[in-house]
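Colleague: Could you take me through the helix packing in this model, please? I'd like a close look at that part, and then a word on what surrounds it.

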Amino acid sequence: MKVVTCIAPVNIAVIKYWGKSDEDLIIPINDSLSGTLSMDTMCAKTTIIASPELQENIFWLNGKEQSFDNKRLANCLQEVKQIADKSLPHLNWKLSIKSENNFPTAAGLASSAAGYACMVTALAKLYEIKGDVSYIARMGSGSACRSMYGGWVLWCKGSSSDGKDSIAKQIAPAAHWPEMRVIVLVVNDEKKKYSSTDAMKRSVQTSELLKHRANHVVPKMVKACIEAIKKKDFETFAEITMKESNSFHAICQDTYPPCVYLNDTSHTIIAAVHAYNEFKSANKVAYTFDAGPNAVLYLLESSVDEFISVINYVLPPMDNNGDYYKGLPVSPSQLSQKLKMALNASIQKPGGLKYIIHTKIGEGPKLLSEPQEHLL
Ligand SMILES: Nc1ncnc2c1ncn2[C@@H]1O[C@H](COP(=O)(O)OP(=O)(O)OP(=O)(O)O)[C@@H](O)[C@H]1O
Ligand SMILES: C[C@@](O)(CCOP(=O)(O)OP(=O)(O)O)CC(=O)O
């Protein structure tokens with residue numbers, strides 16, 4: 001019997017992937033760029049057992065048995081086995097795969113990215129594969145390829161029809177910008193109305209604007225954003241991140257019928273970020289939204305406490321919400337009258353946010369070798 005366990009991180013794109021040129025292989029129509037979030041706060045964990053005793057393949061996700069008859073899972077498994085050494089005795093043993101996320105699944109918090117990165121890392125270890133396997137994680141869920149590395153990661157769309165050069169590359173390690181923090185404002189953590197997979201397909205079929213975005217807007221933004229990250233130029237990084245999120249949601253709006261992901265709470269957060277940045281006469285906070293209403297904020301450590309206080313002012317928490325802050329500590333305080341005036345906000349009723357996650361940029365997937373760490 002062979003047992004492998006690993007953990008893998010979530011990543012949040014600052015330049016979004018939206019649209020495929022090949023649905024089966026999951027090849028994107030544009031490059032994308034993301035920050036990998038620390039596994040101290042959010043991660044997927046997967047244990048794979050290969051055993052000659054197993055009669056059939058089994059897959060459990062968050063304690064519930066799933067069908068193994070899943071095209072994305074089958075594609076990843078097939079590709080890993082194809083490049084494995086054919087003389088490995090356990091290559092044809094059946095598998096028991098158990099995976100768990102320590103955060104909500106299928107809720108717009110990138111569980112598929114962490115989940116497939118974790119599964120492919122474990123499979124690669126099981127079958128003793130060396131080198132980059134981000135192109136295999138990509139076949140599970142496109143954004144998963146970026147979770148194969150820590151720090152700041154670029155997914156190059158590539159040009160080969162078999163997708164072998166559609167891979168992720170680290171552009172800077174987590175330690176490069178140690179002051180960077182990430183705050184996830186969880187507006188809703190329930191299952192999404194429409195999946196990214198279906199919605200981006202509809203965008204490719206119906207949005208003229210998407211072609212312009214993929215061919216003209218994204219290439220410039222990717223280049224400028226990589227430069228900003230390398231120089232640790234937060235002002236430029238923040239502007240690109242916010243403009244890019246807005247460009248992506250404009251495409252969602254241009255899709256027919258439109259896919260509307262942002263809600264009133266999301267718009268309240270956008271307005272608060274712009275008012276705060278204006279008050280500070282500099283970009284101190286950047287928002288980005290994936291396929292859902294939850295906001296992800298990129299900001300430097302020095303702005304965290306004050307901006308959490310801004311959020312608490314415009315979106316007050318419910319009383320007695322003991323579990324409201326998750327991850328790194330926060331110390332919100334009272335806002336000055338001057339800042340309150342500057343925000344000029346319509347204050348929402350308590351409970352607009354379910355909870356707040358405070359985290360930072362972190363490392364890529366990791367193997368766990370202690371027996372007590374396995375999911376059995
Ligand atoms: N730990 C995991 N191991 C394997 N597969 C997973 C894991 N977590 C999630 N998945 C797969 O990903 C699916 C959820 O993906 P989906 O894209 O709908 O949501 P999300 O990734 O949470 O949101 P988004 O991609 O918009 O950020 C699950 O139904 C499951 O098939
Ligand atoms: C908005 C996004 O989060 C879309 C992610 O889409 P997925 O990677 O979940 O889609 P599939 O490849 O169909 O599984 C943007 C991003 O992460 O780049």
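Modeller: Happy to. Helix 1 (residues 71-83) and helix 2 (residues 111-126) pack at an angle of about 25°, and their axes are 10 Å apart. Helices here are DSSP runs of H or I with at least four residues, strands are runs of E with at least two, and both are numbered from the N terminus. Axes are lines fitted to C-alpha atoms, for helices over the stretch in contact, and angles run from 0 to 180 degrees between N-to-C directions. That angle makes helix 1 roughly parallel to helix 2 (under 35 degrees is roughly parallel, over 145 roughly antiparallel, 65 to 115 roughly perpendicular, and the rest oblique).

Please keep in mind that this is a predicted model, in which local features need pLDDT of at least 70 and side-chain atom pairs count only at pLDDT 80 or more, while totals for chains, interfaces and linings use all residues. Residues are numbered from 1 along each chain as its sequence is written, while chains are lettered from A and ligands numbered from 1 in the order in which they are written.

Back to the pair: the crossing of helix 1 and helix 2 is right-handed, meaning that the near helix is turned clockwise from the far one by less than a right angle, with anticlockwise giving a left-handed crossing. Helix 1 brings Cys76, Leu77 and Val80 to the contact, and helix 2 brings Tyr116, Met119, Val120, Leu123 and Ala124; two residues are in contact if their C-beta atoms, placed from the backbone, lie within 7 Å. By class, the contact of helix 1 with helix 2 has eight nonpolar residues, no polar and no charged ones. Ala, Val, Leu, Ile, Met, Phe, Trp, Tyr, Cys and Pro count as nonpolar, Asp, Glu, Lys and Arg as charged, and the others, Gly among them, as polar.

Helix 2 also matters for ligand 1, as it gives the largest share of the shell there, seven residues. Of the 21 residues around ligand 1, Ser99, Ala106, Ser111, Ser112 and Gly115 come nearest, where being near takes a C-beta atom, placed from the backbone, within 6 Å. Strand 9 (94-101) and helix 2 are the elements that give two or more residues to this shell. It divides into eleven nonpolar, nine polar and one charged residues.

The shell around ligand 1 draws at least three residues from each of domain 1 (2-174 + 369-373) and domain 2 (180-360); these bounds come from an automatic or database domain assignment. The C-alpha centres of the two domains lie 26 Å apart, and 27 residues of domain 1 are in contact with 35 residues of domain 2. Strand 2 gives the most to the side of domain 1 that touches domain 2, with three residues.

For comparison, take another pair: helix 7 (residues 264-280) and helix 8 (residues 304-314) pack at an angle of about 135°, with axes 11 Å apart. That makes helix 7 oblique to helix 8. Helix 7 passes helix 8 in a right-handed crossing. Thr268, Ala272 and Tyr276 of helix 7 meet Phe307, Val310, Ile311 and Val314 of helix 8, a contact of six nonpolar residues, one polar and no charged.
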